[in-house]
Amino acid sequence: MPEPRLIPIVELTMARLREFLREPEAVFWVFAFPLLMAFALGIAFRQERAQEVVVGVVRHEASTLGQQLKDAKGIRVRTLEPGEVDAALRRGQVAVVLVPGPPLVYRFDPSRPESRTARLVVDDVLQRQAGRVEPIASRDETVLAPGSRYIDWLIPGLLGMNIMGTSLWSIGFSVVHARSRKLLKRLMATPMPRVQYLASHLLARLVFLVLEAAALLVFAWLVFGVRPAGSIALVAGLVLLGALAFSGLGLLIATRATTIEGVSGWMNVVMMPMWLLSGVFFASSNFPDAAQPIIRLLPLTALVDALRGVMLEGYGAAAIGREIATLTICTVATFGLSVKLFRWR
C-alpha cells in the first residue's frame, strides 16, 4: 500500500509547533511572562523622574498660564483647545492639563507617575511666581474612567512589544539553531523550496499568536477592566499583521547568521531602539521633533499606535491607514529579502 504523500509546508509547520512545545522556557516567555509583566506594571509602574514634563494648557483669552510656564526650567507647554483635553491625556501627549480658573484645575491621571510629578512641578512653579503670599486657589480633578487610565494606554504597548519580541526570538533562534546543528544542510539535499521552509516558520508562529494575544487581552479585561473601544476584529487583524512583519524581520536577521551568539546580538541591535523610541511605556511624541520621522518608520511604532488608536479611540481601518501600510511594507520587504538572501549552509 503506497504511503500518503506528505506536503512539505504542512510537515515543516507541525515540526516547528512540536519543537516549540518541547521547550518549557519558550512557552513561559511567550505566554506567562507578558501576563506577569502586565500585572506588575499595571499595579505599580515605576520610573525615574523625567527631566522635562509636558504640560497642556487649555486656551483661554484672559489667561497667562502658558506664558508663565513657558520659560520655567524643566517644563514644556502645549496649548490645547477645550475639546482636546481628554484625547491628549489618553494618548500620553501631556502629563497634566491646566484649566484656567479661578479656581485653577489640574487634570491628570494619578496612576501615571509622570502625571503626579508634573502636577507637583507645575504647582510649585506657579506658587513661587505668585510669591506664596496669597497662594493660588486650586483643586485636583483625577482621571479614573476606563479608557483614560494609564493601564488602558499601557496594554496595547505591552501587546505590541510582546509580538515583536516573541516573533523575532522564536523564529530567529529556530533557524539559526537548525543551521548550527547541520539540519539545514540536510534539507538542502531535498527538493523543498526555501520559500516553503521559511513560510513554515511564519505559519507556526501564527498558531501560537492567537493564544498569546488572547491571553494578554483577556487577562487585562478580567483584572483591570481594559476593554477595546473599537472593533475586536480590527485588533485581531493588527495583531496578525504585526506578527507577520516581525516574523519577516526575524527571518531576515537569521538568513545568514551561523551562531546563537551572533543572532542574539543582531536581535538586540534591532529591538533596542524600538523598545526605547516606539512609545511602549511613554508617548513617543515626547522625543524631539527631529527624531519623529525616524520613529514613525519603526514597525513597532506603527503597531503600537494602531493598536492604541483602535483600543482607546475606536478608530476604523481608514484612520490607521498609514500604520497598516508601514506594517504591510515591512512584511513584504523582509520576507522577500529573506527568500533572496537565505542560505542553507
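## Helix packing and aromatic contacts

Helix α8 (residues 194-224) packs against helix α9 (residues 232-254) at an angle of about 140 degrees, and their axes lie 9 Å apart. The two are therefore oblique to each other, since only angles over 145 degrees count as roughly antiparallel. The crossing of α8 past α9 is right-handed. This is a predicted model.

Which residues of α8 and α9 meet? From α8 come Leu 198, His 201, Leu 202, Arg 205, Leu 206, Leu 209, Ala 213 and Leu 217. They meet Val 235, Val 239, Leu 240, Ala 243, Leu 244, Ser 247, Gly 248 and Leu 251 of α9.

Now the rings. A pair of aromatic rings is described by the distance of the centres and the angle of the planes. The structure holds two aromatic pairs.

| Pair | Centre to centre | Angle between planes | Class |
|---|---|---|---|
| Tyr 150 and Trp 153 | 6.0 Å | 25 degrees | stacked |
| Phe 219 and Phe 224 | 6.5 Å | 75 degrees | edge-to-face |

Tyr 150 and Trp 153 both belong to helix α6 (residues 150-180). They are three residues apart, about one turn of the helix. Both are buried. Phe 224 has 15% relative accessibility, so it counts as buried too; the cut-off is under 20%.

Charged side chains also meet rings. Arg 112 lies over the face of Trp 153, 5.2 Å from the ring centre. Trp 153 is also the stacked partner of Tyr 150. The charged end of Arg 119 sits over the ring of Tyr 106, at 4.3 Å from its centre.

Conventions. Residues are numbered from 1 along each chain as its sequence is written. This is a predicted model: local features need pLDDT of at least 70, side-chain atom pairs count only at pLDDT 80 or more; totals for chains, interfaces and linings use all residues. Side-chain values use heavy atoms; hydrogens and water are left out. Rings of Phe, Tyr and Trp (its six-membered ring) pair if their centres lie within 6.5 Å; planes under 30 degrees apart count as stacked, over 60 as edge-to-face and the rest as tilted. Helices (H or I, at least four residues) and strands (E, at least two) are DSSP runs, numbered from the N terminus. Buried means under 20% relative accessible area, exposed over 50%, partly exposed in between (1.4 Å probe, protein chains only). A charge sits over a ring if NZ of Lys or CZ of Arg is within 6 Å of the ring centre and within 35 degrees of the ring normal. Axes are lines fitted to C-alpha atoms, for helices over the stretch in contact, and angles run from 0 to 180 degrees between N-to-C directions. Angles under 35 degrees count as roughly parallel, over 145 as roughly antiparallel, 65 to 115 as roughly perpendicular and the rest as oblique. A crossing is left-handed if the near helix is turned anticlockwise from the far one by less than a right angle, and right-handed if clockwise. Contact means heavy atoms within 4.5 Å.
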